[in-house]
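Good morning, and thank you for coming.

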Amino acid sequence: MLEPTSHQPDAGPAPRGARWSLGLSAKLLALTVAVVAVAEIAVLVPTIANYRIAWLSDRLAAARTAALVLDAAPQEGISPDLTRQLLESVGAKVIVVKREDTRRLLAVSDMPPMANVHVDMRETTLWTAVRDAYDTLTAANGRILRVVGDPPRGADFIEIVLGETPLRAALLRFAATVLLVSLAVAAAAGILVYVSLNWLFVRPMRRLTERISAFRENPEDASRIIVPSGRSDEIGTAEEALEEMQRELSQTLHQKSHLAALGLAVSKINHDLRNLLSSAQLLSDRLATVPDPTVQRFAPKLLAALDRAITYCEQTLSYGRAKEPLPERRDVALAHLFDEVRDTLGLQSGSGIGWVVDTERGLMADADPDQLFRVILNIARNAVQALEARAPLDPERDQIRIKARRKGALVEIEMGDTGPGIPAARREHLFEAFVSSARRGGTGLGLPIADELVRAHGGEIRILDTQVGTTFRITIPDQPENRHHRRERIRA
(Lines give C-alpha, C1' and ligand atoms only; values in the text may rest on other atoms or scores of the structure.)
Protein backbone atom coordinates (compact mmCIF):
# COMPACT_ATOMS: atom_id res chain seq x y z
CA MET A 1 0.00 0.00 0.00
CA LEU A 2 2.00 2.95 -1.32
CA GLU A 3 1.01 6.52 -0.69
CA PRO A 4 1.27 8.91 -3.66
CA THR A 5 4.38 11.13 -3.49
CA SER A 6 4.84 14.71 -4.58
CA HIS A 7 6.68 13.80 -7.80
CA GLN A 8 3.98 11.43 -9.05
CA PRO A 9 1.39 12.78 -11.48
CA ASP A 10 -1.73 14.11 -9.88
CA ALA A 11 -4.61 11.80 -10.64
CA GLY A 12 -7.15 13.81 -8.68
CA PRO A 13 -8.25 13.36 -5.10
CA ALA A 14 -8.96 9.84 -4.06
CA PRO A 15 -12.39 9.04 -2.68
CA ARG A 16 -12.47 9.65 1.03
CA GLY A 17 -14.09 6.33 1.79
CA ALA A 18 -11.47 4.33 -0.14
CA ARG A 19 -8.54 6.23 1.36
CA TRP A 20 -9.92 5.82 4.87
CA SER A 21 -10.66 2.11 4.46
CA LEU A 22 -7.15 1.41 3.14
CA GLY A 23 -5.74 3.24 6.11
CA LEU A 24 -7.83 1.12 8.45
CA SER A 25 -6.67 -2.09 6.77
CA ALA A 26 -3.06 -1.00 7.05
CA LYS A 27 -3.52 -0.13 10.70
CA LEU A 28 -5.15 -3.50 11.33
CA LEU A 29 -2.26 -5.29 9.59
CA ALA A 30 0.31 -3.32 11.61
CA LEU A 31 -1.57 -4.06 14.82
CA THR A 32 -1.72 -7.78 13.99
CA VAL A 33 2.03 -7.86 13.26
CA ALA A 34 2.77 -6.02 16.51
CA VAL A 35 0.59 -8.38 18.56
CA VAL A 36 2.17 -11.43 16.93
CA ALA A 37 5.64 -10.05 17.55
CA VAL A 38 4.87 -9.44 21.21
CA ALA A 39 3.42 -12.95 21.47
CA GLU A 40 6.56 -14.34 19.83
CA ILE A 41 8.79 -12.59 22.34
CA ALA A 42 6.57 -13.60 25.24
CA VAL A 43 6.75 -17.25 24.16
CA LEU A 44 10.27 -17.54 22.71
CA VAL A 45 12.31 -15.90 25.49
CA PRO A 46 10.99 -18.02 28.41
CA THR A 47 11.14 -21.13 26.25
CA ILE A 48 14.85 -20.62 25.48
CA ALA A 49 15.56 -19.87 29.15
CA ASN A 50 13.75 -23.03 30.24
CA TYR A 51 15.65 -25.07 27.63
CA ARG A 52 18.97 -23.84 29.06
CA ILE A 53 17.85 -24.78 32.57
CA ALA A 54 16.71 -28.21 31.38
CA TRP A 55 20.01 -28.79 29.54
CA LEU A 56 22.06 -27.96 32.61
CA SER A 57 19.69 -29.96 34.83
CA ASP A 58 20.21 -33.00 32.60
CA ARG A 59 24.00 -32.63 33.01
CA LEU A 60 23.63 -32.36 36.78
CA ALA A 61 21.39 -35.44 36.83
CA ALA A 62 23.95 -37.41 34.85
CA ALA A 63 26.66 -36.11 37.21
CA ARG A 64 24.67 -37.31 40.23
CA THR A 65 24.41 -40.76 38.66
CA ALA A 66 28.14 -40.80 37.92
CA ALA A 67 28.85 -39.62 41.48
CA LEU A 68 26.91 -42.53 42.89
CA VAL A 69 28.90 -44.96 40.72
CA LEU A 70 32.22 -43.39 41.58
CA ASP A 71 31.36 -43.09 45.25
CA ALA A 72 30.42 -46.77 45.46
CA ALA A 73 33.60 -47.98 43.81
CA PRO A 74 36.90 -48.07 45.68
CA GLN A 75 39.17 -45.19 44.76
CA GLU A 76 41.96 -47.43 43.53
CA GLY A 77 39.51 -49.57 41.53
CA ILE A 78 38.44 -46.78 39.12
CA SER A 79 40.37 -46.92 35.89
CA PRO A 80 41.22 -43.79 33.95
CA ASP A 81 39.15 -45.07 31.01
CA LEU A 82 36.04 -45.44 33.22
CA THR A 83 36.56 -41.95 34.60
CA ARG A 84 36.91 -40.54 31.10
CA GLN A 85 33.76 -42.37 29.93
CA LEU A 86 31.77 -41.06 32.90
CA LEU A 87 32.94 -37.52 32.27
CA GLU A 88 32.08 -37.84 28.56
CA SER A 89 28.61 -39.15 29.40
CA VAL A 90 28.08 -36.16 31.66
CA GLY A 91 29.78 -33.75 29.28
CA ALA A 92 31.83 -32.34 32.16
CA LYS A 93 35.51 -31.91 32.87
CA VAL A 94 35.23 -32.05 36.67
CA ILE A 95 32.69 -33.61 39.09
CA VAL A 96 32.86 -32.58 42.74
CA VAL A 97 30.62 -33.64 45.65
CA LYS A 98 30.67 -31.80 48.98
CA ARG A 99 29.75 -33.56 52.23
CA GLU A 100 29.85 -31.58 55.43
CA ASP A 101 33.29 -29.87 55.38
CA THR A 102 34.83 -32.19 52.80
CA ARG A 103 34.91 -31.59 49.04
CA ARG A 104 35.56 -34.83 47.18
CA LEU A 105 36.86 -34.76 43.64
CA LEU A 106 35.17 -37.77 42.11
CA ALA A 107 36.32 -37.31 38.54
CA VAL A 108 38.58 -34.93 36.75
CA SER A 109 40.04 -34.66 33.30
CA ASP A 110 43.77 -34.52 32.71
CA MET A 111 43.94 -30.70 32.79
CA PRO A 112 40.99 -29.21 34.77
CA PRO A 113 40.30 -25.69 33.40
CA MET A 114 39.47 -22.54 35.36
CA ALA A 115 35.75 -21.68 35.38
CA ASN A 116 34.74 -18.32 33.87
CA VAL A 117 31.09 -18.25 34.97
CA HIS A 118 29.43 -19.56 38.12
CA VAL A 119 25.85 -20.94 37.83
CA ASP A 120 23.91 -22.01 40.92
CA MET A 121 20.88 -24.04 39.79
CA ARG A 122 19.45 -23.97 43.31
CA GLU A 123 18.77 -20.23 43.17
CA THR A 124 17.43 -19.79 39.64
CA THR A 125 14.56 -17.34 39.00
CA LEU A 126 12.79 -16.47 35.76
CA TRP A 127 14.63 -13.18 35.41
CA THR A 128 18.05 -14.73 36.06
CA ALA A 129 17.22 -17.61 33.70
CA VAL A 130 16.31 -15.18 30.89
CA ARG A 131 19.40 -13.07 31.56
CA ASP A 132 21.72 -16.11 31.63
CA ALA A 133 20.18 -17.50 28.42
CA TYR A 134 20.84 -14.20 26.65
CA ASP A 135 24.36 -14.21 28.06
CA THR A 136 24.95 -17.73 26.72
CA LEU A 137 23.66 -16.87 23.24
CA THR A 138 25.89 -13.82 22.97
CA ALA A 139 29.03 -15.35 24.61
CA ALA A 140 32.13 -16.32 22.69
CA ASN A 141 33.06 -19.96 22.20
CA GLY A 142 35.33 -21.64 24.74
CA ARG A 143 33.90 -20.22 27.93
CA ILE A 144 33.88 -22.56 30.96
CA LEU A 145 30.93 -22.92 33.36
CA ARG A 146 30.93 -24.01 37.00
CA VAL A 147 27.46 -25.40 37.69
CA VAL A 148 26.24 -26.16 41.21
CA GLY A 149 23.07 -28.18 41.81
CA ASP A 150 21.22 -30.41 44.22
CA PRO A 151 23.52 -33.26 45.45
CA PRO A 152 23.02 -37.01 45.74
CA ARG A 153 21.65 -38.35 48.99
CA GLY A 154 23.75 -37.47 52.03
CA ALA A 155 25.76 -34.62 50.39
CA ASP A 156 25.57 -30.82 50.50
CA PHE A 157 25.82 -30.05 46.80
CA ILE A 158 27.30 -31.29 43.56
CA GLU A 159 29.18 -29.19 41.09
CA ILE A 160 30.44 -29.80 37.62
CA VAL A 161 32.79 -27.87 35.39
CA LEU A 162 32.00 -28.02 31.70
CA GLY A 163 32.46 -26.08 28.51
CA GLU A 164 29.67 -23.68 27.44
CA THR A 165 30.16 -24.19 23.72
CA PRO A 166 27.96 -27.35 23.45
CA LEU A 167 25.26 -25.57 25.49
CA ARG A 168 25.42 -22.52 23.22
CA ALA A 169 25.23 -24.67 20.07
CA ALA A 170 22.27 -26.63 21.43
CA LEU A 171 20.60 -23.41 22.52
CA LEU A 172 21.01 -21.85 19.08
CA ARG A 173 19.58 -24.93 17.36
CA PHE A 174 16.64 -25.01 19.77
CA ALA A 175 16.02 -21.26 19.38
CA ALA A 176 16.05 -21.56 15.59
CA THR A 177 13.63 -24.49 15.68
CA VAL A 178 11.30 -22.79 18.14
CA LEU A 179 11.48 -19.53 16.17
CA LEU A 180 10.57 -21.21 12.90
CA VAL A 181 7.71 -23.16 14.47
CA SER A 182 6.49 -20.08 16.33
CA LEU A 183 6.69 -17.97 13.20
CA ALA A 184 4.66 -20.55 11.28
CA VAL A 185 2.03 -20.75 14.03
CA ALA A 186 2.05 -16.98 14.51
CA ALA A 187 1.74 -16.37 10.78
CA ALA A 188 -1.23 -18.71 10.58
CA ALA A 189 -2.80 -17.11 13.67
CA GLY A 190 -2.02 -13.61 12.40
CA ILE A 191 -3.58 -14.31 9.02
CA LEU A 192 -6.63 -15.80 10.71
CA VAL A 193 -6.95 -12.81 13.05
CA TYR A 194 -6.43 -10.33 10.22
CA VAL A 195 -8.94 -12.03 7.93
CA SER A 196 -11.46 -12.36 10.76
CA LEU A 197 -11.17 -8.73 11.86
CA ASN A 198 -11.17 -7.57 8.26
CA TRP A 199 -14.34 -9.57 7.60
CA LEU A 200 -16.08 -8.63 10.83
CA PHE A 201 -15.13 -4.95 11.11
CA VAL A 202 -13.14 -3.46 8.23
CA ARG A 203 -15.42 -4.60 5.42
CA PRO A 204 -18.61 -3.40 7.17
CA MET A 205 -16.92 -0.08 7.96
CA ARG A 206 -15.76 0.22 4.35
CA ARG A 207 -19.33 -0.46 3.25
CA LEU A 208 -20.57 2.26 5.59
CA THR A 209 -18.11 4.81 4.25
CA GLU A 210 -18.83 3.88 0.64
CA ARG A 211 -22.57 4.31 1.20
CA ILE A 212 -21.99 7.63 2.97
CA SER A 213 -19.79 8.87 0.10
CA ALA A 214 -22.29 7.69 -2.51
CA PHE A 215 -25.16 9.35 -0.65
CA ARG A 216 -23.18 12.57 -0.31
CA GLU A 217 -22.79 12.79 -4.09
CA ASN A 218 -26.56 12.71 -4.64
CA PRO A 219 -28.60 12.82 -1.42
CA GLU A 220 -31.92 12.93 -3.29
CA ASP A 221 -31.30 9.55 -4.94
CA ALA A 222 -33.17 7.05 -2.77
CA SER A 223 -31.22 4.14 -4.28
CA ARG A 224 -28.09 5.43 -2.52
CA ILE A 225 -29.61 4.97 0.94
CA ILE A 226 -27.87 2.19 2.84
CA VAL A 227 -29.75 -1.07 3.37
CA PRO A 228 -28.97 -2.45 6.86
CA SER A 229 -27.32 -5.86 6.88
CA GLY A 230 -29.41 -7.02 9.83
CA ARG A 231 -26.47 -7.39 12.20
CA SER A 232 -27.31 -7.28 15.89
CA ASP A 233 -24.07 -5.65 17.04
CA GLU A 234 -22.94 -2.01 17.14
CA ILE A 235 -22.25 -1.95 13.39
CA GLY A 236 -25.81 -3.09 12.72
CA THR A 237 -27.07 -0.32 15.03
CA ALA A 238 -24.92 2.20 13.15
CA GLU A 239 -26.31 0.98 9.82
CA GLU A 240 -29.89 1.35 11.03
CA ALA A 241 -29.20 4.84 12.41
CA LEU A 242 -27.49 5.82 9.15
CA GLU A 243 -30.44 4.54 7.11
CA GLU A 244 -32.90 6.52 9.22
CA MET A 245 -30.77 9.66 8.98
CA GLN A 246 -30.35 9.31 5.20
CA ARG A 247 -34.07 8.75 4.67
CA GLU A 248 -34.98 11.80 6.77
CA LEU A 249 -32.38 13.92 4.98
CA SER A 250 -33.52 12.70 1.58
CA GLN A 251 -37.15 13.49 2.43
CA THR A 252 -36.16 16.92 3.71
CA LEU A 253 -34.25 17.66 0.50
CA HIS A 254 -37.22 16.46 -1.55
CA GLN A 255 -39.45 18.81 0.42
CA LYS A 256 -37.03 21.70 -0.09
CA SER A 257 -36.83 20.95 -3.80
CA HIS A 258 -40.61 20.68 -3.91
CA LEU A 259 -40.88 24.00 -2.15
CA ALA A 260 -38.44 25.67 -4.52
CA ALA A 261 -40.23 24.24 -7.53
CA LEU A 262 -43.57 25.26 -6.08
CA GLY A 263 -42.34 28.82 -5.49
CA LEU A 264 -41.04 29.07 -9.05
CA ALA A 265 -44.24 27.61 -10.51
CA VAL A 266 -46.52 29.83 -8.47
CA SER A 267 -44.43 32.87 -9.35
CA LYS A 268 -44.98 32.12 -13.02
CA ILE A 269 -48.67 31.44 -12.43
CA ASN A 270 -49.01 34.61 -10.40
CA HIS A 271 -47.46 36.65 -13.21
CA ASP A 272 -49.98 35.38 -15.76
CA LEU A 273 -52.85 35.19 -13.28
CA ARG A 274 -52.45 38.85 -12.36
CA ASN A 275 -53.45 39.91 -15.88
CA LEU A 276 -56.36 37.50 -15.94
CA LEU A 277 -57.64 38.61 -12.56
CA SER A 278 -57.31 42.25 -13.56
CA SER A 279 -59.59 41.61 -16.51
CA ALA A 280 -61.99 39.64 -14.33
CA GLN A 281 -62.08 42.47 -11.79
CA LEU A 282 -62.93 45.00 -14.51
CA LEU A 283 -65.76 42.80 -15.69
CA SER A 284 -67.02 42.27 -12.15
CA ASP A 285 -66.93 46.04 -11.52
CA ARG A 286 -69.09 46.57 -14.61
CA LEU A 287 -71.45 43.84 -13.44
CA ALA A 288 -71.80 45.61 -10.10
CA THR A 289 -73.32 48.61 -11.90
CA VAL A 290 -76.00 46.51 -13.59
CA PRO A 291 -79.33 47.19 -11.79
CA ASP A 292 -80.58 43.62 -12.24
CA PRO A 293 -81.39 42.14 -8.77
CA THR A 294 -79.92 38.76 -9.65
CA VAL A 295 -76.68 40.34 -10.77
CA GLN A 296 -76.58 42.48 -7.63
CA ARG A 297 -77.04 39.34 -5.53
CA PHE A 298 -74.22 37.34 -7.20
CA ALA A 299 -71.71 40.13 -7.93
CA PRO A 300 -70.39 40.32 -4.32
CA LYS A 301 -69.88 36.57 -4.31
CA LEU A 302 -67.97 36.81 -7.58
CA LEU A 303 -65.78 39.56 -6.12
CA ALA A 304 -65.19 37.47 -2.97
CA ALA A 305 -64.23 34.44 -5.07
CA LEU A 306 -61.74 36.54 -7.02
CA ASP A 307 -60.28 37.94 -3.81
CA ARG A 308 -60.04 34.43 -2.42
CA ALA A 309 -58.14 33.24 -5.50
CA ILE A 310 -55.71 36.13 -5.12
CA THR A 311 -55.31 35.30 -1.46
CA TYR A 312 -54.45 31.69 -2.29
CA CYS A 313 -51.69 32.80 -4.64
CA GLU A 314 -50.30 35.36 -2.21
CA GLN A 315 -50.42 32.85 0.62
CA THR A 316 -48.41 30.27 -1.26
CA LEU A 317 -45.96 32.89 -2.50
CA SER A 318 -45.47 34.29 0.97
CA TYR A 319 -44.54 30.87 2.29
CA GLY A 320 -42.05 30.43 -0.55
CA ARG A 321 -40.22 33.56 0.52
CA ALA A 322 -37.13 33.23 2.68
CA LYS A 323 -38.86 35.12 5.49
CA GLU A 324 -42.29 36.46 6.34
CA PRO A 325 -42.48 40.25 6.81
CA LEU A 326 -42.48 41.42 10.39
CA PRO A 327 -45.99 41.95 11.76
CA GLU A 328 -47.28 45.54 11.80
CA ARG A 329 -49.15 45.31 15.07
CA ARG A 330 -52.10 47.35 16.23
CA ASP A 331 -55.36 46.75 18.06
CA VAL A 332 -57.57 44.33 16.13
CA ALA A 333 -61.24 43.83 16.96
CA LEU A 334 -61.55 40.05 17.08
CA ALA A 335 -65.34 39.92 16.65
CA HIS A 336 -65.11 41.85 13.38
CA LEU A 337 -62.14 39.67 12.29
CA PHE A 338 -64.13 36.49 12.89
CA ASP A 339 -67.02 37.88 10.82
CA GLU A 340 -64.61 38.57 7.92
CA VAL A 341 -63.33 35.02 8.04
CA ARG A 342 -66.88 33.65 8.06
CA ASP A 343 -67.83 35.78 5.04
CA THR A 344 -64.65 34.79 3.18
CA LEU A 345 -65.43 31.12 3.67
CA GLY A 346 -69.09 31.64 2.67
CA LEU A 347 -70.48 30.28 5.93
CA GLN A 348 -73.60 32.42 6.02
CA SER A 349 -76.93 30.99 7.04
CA GLY A 350 -77.83 27.94 4.97
CA SER A 351 -74.26 26.83 4.31
CA GLY A 352 -74.75 23.63 6.33
CA ILE A 353 -71.93 24.44 8.76
CA GLY A 354 -72.66 26.21 12.02
CA TRP A 355 -70.48 29.18 13.05
CA VAL A 356 -70.46 29.70 16.81
CA VAL A 357 -68.43 32.57 18.29
CA ASP A 358 -68.02 33.18 22.00
CA THR A 359 -65.86 36.26 22.63
CA GLU A 360 -65.63 38.98 25.22
CA ARG A 361 -67.32 42.19 24.28
CA GLY A 362 -64.92 44.65 22.65
CA LEU A 363 -62.00 42.19 22.87
CA MET A 364 -58.90 43.54 21.14
CA ALA A 365 -55.74 41.71 20.16
CA ASP A 366 -52.36 43.37 19.69
CA ALA A 367 -51.54 41.88 16.30
CA ASP A 368 -51.07 42.44 12.59
CA PRO A 369 -54.67 42.31 11.26
CA ASP A 370 -53.75 40.78 7.90
CA GLN A 371 -51.49 38.10 9.40
CA LEU A 372 -53.96 37.22 12.16
CA PHE A 373 -56.69 37.01 9.53
CA ARG A 374 -54.57 34.51 7.60
CA VAL A 375 -54.02 32.43 10.74
CA ILE A 376 -57.75 32.24 11.57
CA LEU A 377 -58.64 31.68 7.92
CA ASN A 378 -56.21 28.77 7.47
CA ILE A 379 -57.44 26.96 10.56
CA ALA A 380 -61.09 27.63 9.74
CA ARG A 381 -60.62 26.45 6.15
CA ASN A 382 -59.13 23.17 7.39
CA ALA A 383 -62.14 22.77 9.68
CA VAL A 384 -64.53 23.39 6.79
CA GLN A 385 -62.77 20.78 4.65
CA ALA A 386 -62.88 18.25 7.50
CA LEU A 387 -66.62 18.82 8.01
CA GLU A 388 -67.46 18.75 4.30
CA ALA A 389 -65.87 15.30 4.05
CA ARG A 390 -68.90 13.79 5.81
CA ALA A 391 -71.72 15.41 3.82
CA PRO A 392 -74.70 15.84 4.04
CA LEU A 393 -74.05 18.63 6.53
CA ASP A 394 -76.14 19.49 9.56
CA PRO A 395 -75.51 22.89 11.23
CA GLU A 396 -76.51 21.45 14.59
CA ARG A 397 -73.92 18.70 14.34
CA ASP A 398 -71.26 20.18 12.05
CA GLN A 399 -69.99 23.34 13.67
CA ILE A 400 -66.94 25.57 13.92
CA ARG A 401 -66.63 26.97 17.43
CA ILE A 402 -64.46 29.94 18.35
CA LYS A 403 -63.84 31.17 21.87
CA ALA A 404 -61.65 34.19 22.59
CA ARG A 405 -60.71 35.78 25.90
CA ARG A 406 -58.01 37.88 27.48
CA LYS A 407 -55.72 36.59 30.21
CA GLY A 408 -53.66 39.52 31.44
CA ALA A 409 -51.24 40.45 28.67
CA LEU A 410 -52.29 37.45 26.54
CA VAL A 411 -55.15 36.95 24.15
CA GLU A 412 -56.21 33.34 23.92
CA ILE A 413 -58.21 32.04 20.97
CA GLU A 414 -59.56 28.50 20.80
CA MET A 415 -60.78 27.31 17.41
CA GLY A 416 -62.39 23.91 17.19
CA ASP A 417 -64.68 21.84 15.00
CA THR A 418 -66.90 18.84 15.51
CA GLY A 419 -65.33 16.88 12.68
CA PRO A 420 -63.62 13.47 12.70
CA GLY A 421 -60.43 14.82 14.32
CA ILE A 422 -56.77 14.34 13.40
CA PRO A 423 -55.15 10.88 13.74
CA ALA A 424 -52.42 10.63 16.36
CA ALA A 425 -49.85 9.59 13.75
CA ARG A 426 -50.21 12.92 11.93
CA ARG A 427 -50.03 15.13 15.02
CA GLU A 428 -46.24 14.90 15.30
CA HIS A 429 -45.81 16.50 11.84
CA LEU A 430 -48.83 18.78 11.99
CA PHE A 431 -46.87 22.01 11.49
CA GLU A 432 -44.42 20.71 8.86
CA ALA A 433 -44.82 21.92 5.29
CA PHE A 434 -46.24 19.45 2.73
CA VAL A 435 -46.73 16.82 5.46
CA SER A 436 -49.83 17.71 7.44
CA SER A 437 -52.35 17.76 4.62
CA ALA A 438 -54.61 14.72 4.47
CA ARG A 439 -56.98 16.14 1.88
CA ARG A 440 -56.39 15.07 -1.69
CA GLY A 441 -54.97 18.02 -3.61
CA GLY A 442 -54.05 19.93 -0.43
CA THR A 443 -50.64 21.58 -0.18
CA GLY A 444 -50.13 21.06 3.52
CA LEU A 445 -49.16 24.72 3.95
CA GLY A 446 -52.07 26.10 5.97
CA LEU A 447 -50.94 25.08 9.44
CA PRO A 448 -47.20 25.71 8.85
CA ILE A 449 -48.06 29.24 7.67
CA ALA A 450 -50.30 29.80 10.70
CA ASP A 451 -47.57 28.52 13.04
CA GLU A 452 -44.95 30.78 11.44
CA LEU A 453 -47.17 33.86 11.69
CA VAL A 454 -48.13 33.21 15.32
CA ARG A 455 -44.50 32.69 16.31
CA ALA A 456 -43.64 35.98 14.59
CA HIS A 457 -46.00 37.60 17.13
CA GLY A 458 -44.17 35.87 19.99
CA GLY A 459 -47.14 33.55 20.51
CA GLU A 460 -47.86 29.89 20.28
CA ILE A 461 -50.27 27.61 18.48
CA ARG A 462 -50.88 24.05 19.60
CA ILE A 463 -53.46 21.34 19.27
CA LEU A 464 -55.51 20.34 22.31
CA ASP A 465 -56.61 16.88 23.36
CA THR A 466 -60.39 16.82 22.96
CA GLN A 467 -63.02 14.11 22.82
CA VAL A 468 -64.71 15.49 19.69
CA GLY A 469 -63.16 16.98 16.57
CA THR A 470 -60.04 19.14 16.52
CA THR A 471 -59.28 22.20 18.65
CA PHE A 472 -56.36 24.60 18.35
CA ARG A 473 -55.33 27.14 20.97
CA ILE A 474 -53.65 30.35 19.79
CA THR A 475 -52.01 32.72 22.25
CA ILE A 476 -50.97 36.22 21.18
CA PRO A 477 -49.04 38.28 23.76
CA ASP A 478 -49.23 42.06 23.82
CA GLN A 479 -46.17 44.04 22.93
CA PRO A 480 -44.30 45.11 26.09
CA GLU A 481 -44.70 48.81 25.26
CA ASN A 482 -48.48 48.42 24.88
CA ARG A 483 -49.17 46.56 28.12
CA HIS A 484 -49.01 49.63 30.36
CA HIS A 485 -51.35 51.62 28.12
CA ARG A 486 -53.79 48.71 27.96
CA ARG A 487 -53.86 48.41 31.75
CA GLU A 488 -54.55 52.15 32.00
CA ARG A 489 -57.43 51.90 29.55
CA ILE A 490 -58.87 48.92 31.44
CA ARG A 491 -58.75 50.92 34.70
CA ALA A 492 -60.43 53.90 33.00
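Which residue takes a positive phi in the hairpin of β11 and β12? Gly469 does, with a phi near 65 degrees, and the hairpin has five residues between its strands.

A word on the source: this is a predicted model, in which local features need pLDDT of at least 70, side-chain atom pairs count only at pLDDT 80 or more, and totals for chains, interfaces and linings use all residues. Residues are numbered from 1 along each chain as its sequence is written, and side-chain values use heavy atoms, with hydrogens and water left out.

Let me stay with the strands, which are DSSP runs (E, at least two residues; helices are H or I, at least four), numbered from the N terminus. Strand β11 covers residues 460–464 and is joined to β12 by five bridges in an antiparallel arrangement; pairing requires that DSSP finds at least two bridges. Here Glu460 stands opposite Thr475 of β12. Strand β10, residues 410–417, also pairs with β12 in the antiparallel sense, over eight bridges, and Glu414 faces Arg473 of β12. In β12, residues 470–477, seven of the eight residues are buried, that is, under 20% relative accessible area with a 1.4 Å probe, protein chains only.

I turn now to the helices. The axes of α8 (residues 369–388) and α10 (residues 446–456) come within 9 Å and cross at roughly 150 degrees, with axes fitted to C-alpha atoms over the stretch in contact and angles running from 0 to 180 degrees between N-to-C directions. The two helices are therefore roughly antiparallel, a term for angles over 145 degrees.

Key. Parallel < 35°, antiparallel > 145°, perpendicular 65-115°, else oblique. Buried < 20%, exposed > 50% of the residue type's maximum accessible area, 1.4 Å probe, protein only.
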